[in-house]
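Subject: Structure handover

Hi,

Here is the structure I promised to pass on to you. Please open it alongside this message, so that you can find each place as you read.

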Amino acid sequence: MSVLVYTESDKGTFKKTALEVASYAKTVADQMGTTVTAITFNADDTSVLGNYGVDKVLKVNNSQLETFNANGYASAIAQAVKNENAKVVIVSSSADSKYLAPLLAIDLDAGYASNVVEAPTSTSPFTVKRTAFTNKAFNMTAINTDVKIVGVSKNAFGLKENSGSATAEDFSPSIPELGVKVESVDKVTGQVTIADAETVVSGGRGLKGPENWGMIEELADVLGAATACSKPVSDLGWRPHSEHVGQTGKPVASNLYIAIGISGAIQHLAGINASKVKVVINTDSEAPFFKAADYGIVGDAFEVVPKLIEKLKAFKAQQ
Amino acid sequence: MKILVCISHVPDTTSKINFTEGDTKFDTNGVQFVINPNDEFGLTRAMWFKEKQGASVDVVNVGGPETEPTLRKALAIGADGAIRVNTPATDGFAVAQQLAKVVQDGGYDLVIAGRESIDYNGGMVPGMLAGLIKANFVTNCISLEVDGTNAKAIREIDGGKETVSTSLPLVIGGQKGLVEESDLRIPNMRGIMMARQKPLKVVEPMDANTETASVKFEKPAPKGAIKLIDPDNIDELINLLHNEAKVI
């Protein structure tokens with residue numbers, strides 16, 4: 001018996017979410033008095049996982065699994081679960097993890113709870129707290145199957161360092177029919193993505209036009225942040241759809257979310273509510289966002305943002 | 001091509017979220033229900049396949065009689081027929097099993113569901129359904145073309161998108177992008193009248209087991225009041241973000 005965790009990597013480097021799910025797996029393993037086994041795909045150096053509580057790493061190196069494939073990855077993880085006789089499987093809330101988890105659940109006859117924000121409140125019955133109603137409520141969910149799958153919300157549990165080291169061994173699962181073939185990947189490089197960002201700077205219709213996004217990008221650059229936008233802005237074509245955050249766009253769960261010229265429609269707030277600290281800058285003090293944010297400035301973005309950039313640059317220079 | 005569109009019956013986004021019966025049940029009092037937004041993008045894409053490629057389109061919901069107005073709305077938008085599996089939607093696995101039975105009985109080639117419902121946000125039904133019926137599966141799908149039995153889809157990934165090729169039978173977890181917001185259709189009077197004549201078949205559920213159980217709901221702790229900062233005192237904002245919130 002052990003806890004198995006799927007630790008995602010990108011070109012061999014582990015993502016922050018991988019270290020977060022490893023931290024979560026360690027906590028569950030401690031609750032259950034067992035150890036943590038991680039499974040990795042095409043990652044050479046897995047030593048960092050030991051620092052977050054992983055005891056053993058199963059390394060899959062397979063050219064057929066060079067790009068993510070939900071069937072292939074789910075099948076490999078299922079084989080690892082059976083080999084290790086794992087009773088709990090931990091995955092993240094990344095697009096890939098959410099893609100494979102239901103397939104894995106069917107393969108293992110396992111119950112699956114997604115968007116989990118805390119360590120299990122009980123391991124028997126196995127009960128977790130997850131978000132529901134698009135972050136407007138929490139749902140305590142019991143998983144009643146022998147094998148359980150927990151999808152951990154991004155940025156909810158945090159990192160827990162552990163002074164340990166992980167042993168590594170090669171693992172060669174059989175590869176099923178993949179069914180879905182990746183023809184091309186179109187991924188931004190050298191830019192912080194909304195999914196991975198600690199800070200997101202988001203602009204709304206209050207910015208009046210796409211030509212005014214320079215200051216949004218500059219502010220994001222100073223903060224090492226990703227840029228995002230409200231739905232009207234993407235509908236108007238001022239910014240690409242991939243930047244649209246909100247209920248029908250991308251979800252945001254960053255540490256800091258800065259909304260500039262966004263009134264805060266309920267659909268927008270639903271998508272960004274999981275962010276820890278929210279700052280709003282808007283001329284209209286009646287804008288609904290002021291009820292949802294932690295810090296606010298009632299003022300003109302065209303005056304406030306350049307000043308903020310200048311002050312932040314000075315602040316960063318001192319750090 | 002026979003298409004089945006899975007329709008979740010969900011509270012409108014602007015609904016107040018409250019719970020009853022010792023916080024174990026969602027309080028539907030005064031709540032308006034709608035087609036789950038992610039499903040509506042899929043339904044609208046299905047209409048395109050119907051009009052351009054001669055596909056037939058049925059819609060399905062697993063739920064009690066209270067979901068029928070939502071299915072009628074889907075018929076008014078243009079679906080040919082509706083199926084309601086007469087059982088409450090208990091957990092994702094139970095719903096996926098009921099849907100698998102509908103797909104197998106109806107011989108559907110393409111199932112379009114939403115990537116997740118906006119109420120429980122489980123995001124598991126489409127994938128579980130695909131696993132149960134051994135169909136191909138693409139989720140977070142923002143574009144879908146079908147040519148014969150071959151399909152080409154675009155999936156949104158973290159930080160970009162990927163184009164994939166696959167084949168029918170296929171299950172899609174759809175979202176905005178399958179069609180745009182401006183393509184969504186508001187049922188007109190003719191559609192609403194026609195929907196009354198279209199078949200809405202109620203089928204009894206199969207024996208399905210659950211894997212998870214909702215124990216209780218909780219509402220987030222009330223948020224503290226916002227701290228307003230004078231636009232002429234930006235240093236104060238930086239100070240608060242650094243020393244109080246500790247996010248920069």
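This is a predicted model: local features need pLDDT of at least 70, side-chain atom pairs count only at pLDDT 80 or more; totals for chains, interfaces and linings use all residues.

The model scores ipTM 0.96 and pTM 0.94. For chain B, the average pLDDT is 97, and 100% of the residues score at least 70.

**Chain B**

Chain B has six helices and 15 strands. Its C-alpha atoms fill a box of roughly 65 × 45 × 40 Å along the principal axes. Of the 248 residues in chain B, 49% are buried. If you take the contacts in chain B between residues at least 6 apart in sequence, 71% of them join residues at least 24 apart.

**Where the chains meet**

The contact between the chains involves 72 residues from chain A and 60 residues from chain B. On the side of chain B that touches chain A, 28 residues are nonpolar, 19 are polar and 13 are charged. Among the elements of chain B that give two or more residues to this side are helix H4 (125–133), strand E9 (136–147) and helix H6 (234–244). Strand E14 (212–218) of chain B is another of those elements. E14(B) also pairs with strand E10 (residues 137–143) of chain A, running antiparallel over six bridges. To see one position in that pairing, look at Asn139(A), which stands opposite Phe217(B).

**The domains of chain A**

Chain A is divided into domain 1 (2–170) and domain 2 (199–318). Their C-alpha centres lie 32 Å apart. Six residues of domain 1 are in contact with seven residues of domain 2. On the domain 1 side of that contact there are no nonpolar residues, five polar ones and one charged one.

**The nonpolar cores**

The largest nonpolar core has 121 residues, and those touching the most other members include Ile77(A), Val89(A), Leu104(A), Val5(B) and Val111(B). Helix H3 (residues 95–108) of chain A gives this core its largest share, nine residues. Leaving out residues up to four places away in sequence, Leu104(A) touches Ala74(A), Ile77(A), Ala78(A), Val89(A) and Ile149(A). Another core, of 49 residues, lies apart from it and has Ala253(A), Phe289(A), Tyr295(A) and Val305(A) among its members.

**A strand and a loop in chain A**

Strand E14 of chain A is worth a look too. Five of the five residues of E14(A) are buried, so this strand is largely enclosed by the rest of the structure. Thr199(A), Val201(A) and Gly203(A) point one way from E14(A), while Val200(A) and Ser202(A) point the other way. In a regular strand, side chains alternate between the two faces of the sheet. E14(A) pairs in the parallel sense with strand E16 (residues 256–260) of chain A over five bridges, and Val200(A) has Tyr257(A) as its bridge partner there. E14(A) also runs parallel to strand E15 (residues 226–229) of chain A, joined by four bridges, with Val201(A) opposite Thr227(A).

Leu207(A) sits in the loop between strand E14 (199–203) and helix H4 (214–223) of chain A. Is Leu207(A) buried or exposed? Leu207(A) counts as buried, because it has 23 C-beta neighbours inside 10 Å and the cut-off is 20 or more. Beyond its neighbours within four places in sequence, Leu207(A) is in contact with residues including Trp213(A), Ile260(A) and Ala301(A). Leu207(A) and Ile260(A) are 53 residues apart in sequence, yet their C-alpha atoms are 7.7 Å apart in space.

Enjoy exploring,

A colleague

Technical notes:
Residues are numbered from 1 along each chain as its sequence is written. Chains are lettered from A and ligands numbered from 1 in the order in which they are written. pLDDT is the predictor's confidence in each residue, from 0 to 100. Domain bounds come from an automatic or database domain assignment. Two residues are in contact if their C-beta atoms, placed from the backbone, lie within 7 Å. Ala, Val, Leu, Ile, Met, Phe, Trp, Tyr, Cys and Pro count as nonpolar, Asp, Glu, Lys and Arg as charged, and the others, Gly among them, as polar. A nonpolar core is a set of buried Ala, Val, Leu, Ile, Met, Phe, Trp, Tyr and Cys residues joined through C-beta atoms within 7 Å. A residue is buried if 20 or more other C-beta atoms lie within 10 Å of its own, exposed if 12 or fewer, and partly exposed in between; C-beta atoms are placed from the backbone. Two strands pair if DSSP finds at least two bridges between them.
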